[in-house]
Amino acid sequence: MFKFMTIKPSKKDSFISKHLFLLMIILAIIITSLFVVVSMLIYNSNGAAQVDLSRPGYVSVRAQSVTNSSNFKDYSASGEINQETIEEFQQLFADQLNKAKAIDAFGGDPLSPASLGISVSTEQP
Amino acid sequence: MTISKKYLTYLLILTVVFSGVSFLTVSAQDKSITDKQTEQIRSNCVSMKNTLNQLHASDALLRVNRGQIYESILTKLIDRFNSRLSNNNINNDELKSITVKYSSMLDTFRADYKTYEEQLSSTLNISCSDKPADFYSAIVSARTKRNQVHTDVTKLNQFLDQYQSVFNQFKKEYKTASEGMKN
């Protein structure tokens, strides 16, 4: 009544079915590598790499980074404006402005030839 | 025969032009650094690399700490005060205008620091004993970029000063107005 047909698996099918697990692992590695490459591209392009003090070159200064922002009191964005709230803002702003201007950041000239011990003259002796 | 002569002439002209360009380039490189400087870079190579490594680390720390302060001033104080004024229907166009400039300068500071850090990192990767001229040229470029970062910081401080000045004016006017209403 019924005719049963036996379909012989092609060589290609049998290879895939035989090595399915291995292929899945390879595919997973490829996808993971792709995500790692994309992540590294984003990490390097958006400036995160420059402020990442966990990088090996920054071991000596890592402990000195200010991680505690509890001394920075937030000013509320809601509420009425009166003499008291204006003075509160004035005080908070003045404190932070003093901190910002406390040191001449990126001042000096540590990359000048003189600082690095190179003579300034560009004329051939 | 004529064609081959023509091609030979073109080839000769091209050779002369390329030789001239190459000669000029090499001459320019030679002029950028003196023999004395080359010798100094080679002899101080290790100490210079150490100095640059220390500067690289200390500038990164400075970028993180300064960046945090400038960012917090904007998000935790200035933006909130501006919002509060707006919520109370108080005109603060001048303060807003300074805030926009400050915010834009903060973006510039971030971008310029990134450019400077990349330049300093590539300088550290150049062998100062094998390529002293390239090393010197990279230092000069890093120096220019660091100076730009310093200019950005100065401008940020100037915008904060401007904001404070306009705020003080606002405070004065507010006090006068509120005293006038009482009387």
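Modeller: Start with the elements: a helix here is a DSSP run of at least four residues, and a strand is a run of at least two, numbered from the N terminus. This is a predicted model. From the N terminus on, chain B reads α-α-α-α-α.

Biologist: How many helices and strands are there in chain B, and how many in chain A?

Modeller: Chain B has 5 helices and 0 strands. Chain A has 3 helices and 0 strands, in the order α-α-α.

Biologist: How do I read burial?

Modeller: Count neighbours: a residue is buried if 20 or more other C-beta atoms lie within 10 Å of its own, and exposed if 12 or fewer do. In chain B, buried residues make up 25% of the 183 residues. In chain A, 6% of the 125 residues count as buried.

Biologist: How far is Ser45(A) from Asn82(A) in sequence and in space?

Modeller: The two are 37 residues apart in sequence, and their C-alpha atoms are 45 Å apart in space.

Biologist: Next, the two chains. How many residues of chain B are in contact with chain A?

Modeller: Contact is judged by C-beta atoms within 7 Å. On that basis 56 residues of chain B are in contact with 47 residues of chain A. On the chain B side, helix H2 (35–43), helix H3 (45–87), helix H4 (93–124) and helix H5 (132–182) each supply at least two residues. H3(B) gives the most, with 28 residues. By class, this side of chain B has 23 nonpolar, 19 polar and 14 charged residues.

Biologist: How do I describe a pair of helices, such as H3(A) and H3(B)?

Modeller: Look at how close the axes come and at the angle between them. The axes of H3(A), residues 83–100, and H3(B) come within 11 Å and cross at roughly 165°. Angles over 145 degrees count as roughly antiparallel, so H3(A) and H3(B) are roughly antiparallel to each other. The crossing of H3(A) with H3(B) is left-handed.

Biologist: Which residues meet where H3(A) and H3(B) touch?

Modeller: From H3(A) come Phe89(A), Leu92(A), Phe93(A), Gln96(A), Lys99(A) and Ala100(A), and from H3(B) come Ile69(B), Tyr70(B), Ile73(B), Leu77(B) and Phe81(B). By class, this contact has 9 nonpolar, 1 polar and 1 charged residues.

Biologist: And a pair inside one chain, H3(B) and H4(B)?

Modeller: The reading goes by the steps used before. The axes of H3(B) and H4(B) come within 11 Å and cross at roughly 165°, which makes H3(B) roughly antiparallel to H4(B). Their crossing is left-handed. The contact includes Tyr70(B) and Leu74(B) of H3(B) and Tyr102(B) and Leu106(B) of H4(B). Its residues divide into 10 nonpolar, 6 polar and 3 charged.

Biologist: What can be said of H4(B) by itself?

Modeller: Compare its span with the expected one. H4(B) has 32 residues and reaches 46 Å from its first C-alpha to its last, close to the 46 Å expected at 1.5 Å a residue. Among the buried residues of H4(B) are Leu95(B), Tyr102(B), Phe109(B), Arg110(B) and Leu120(B).

Conventions: Residues are numbered from 1 along each chain as its sequence is written. Chains are lettered from A and ligands numbered from 1 in the order in which they are written. This is a predicted model: local features need pLDDT of at least 70, side-chain atom pairs count only at pLDDT 80 or more; totals for chains, interfaces and linings use all residues. Two residues are in contact if their C-beta atoms, placed from the backbone, lie within 7 Å. Ala, Val, Leu, Ile, Met, Phe, Trp, Tyr, Cys and Pro count as nonpolar, Asp, Glu, Lys and Arg as charged, and the others, Gly among them, as polar. Axes are lines fitted to C-alpha atoms, for helices over the stretch in contact, and angles run from 0 to 180 degrees between N-to-C directions. Angles under 35 degrees count as roughly parallel, over 145 as roughly antiparallel, 65 to 115 as roughly perpendicular and the rest as oblique. A crossing is left-handed if the near helix is turned anticlockwise from the far one by less than a right angle, and right-handed if clockwise. The expected span of a helix is 1.5 Å times one less than its number of residues.
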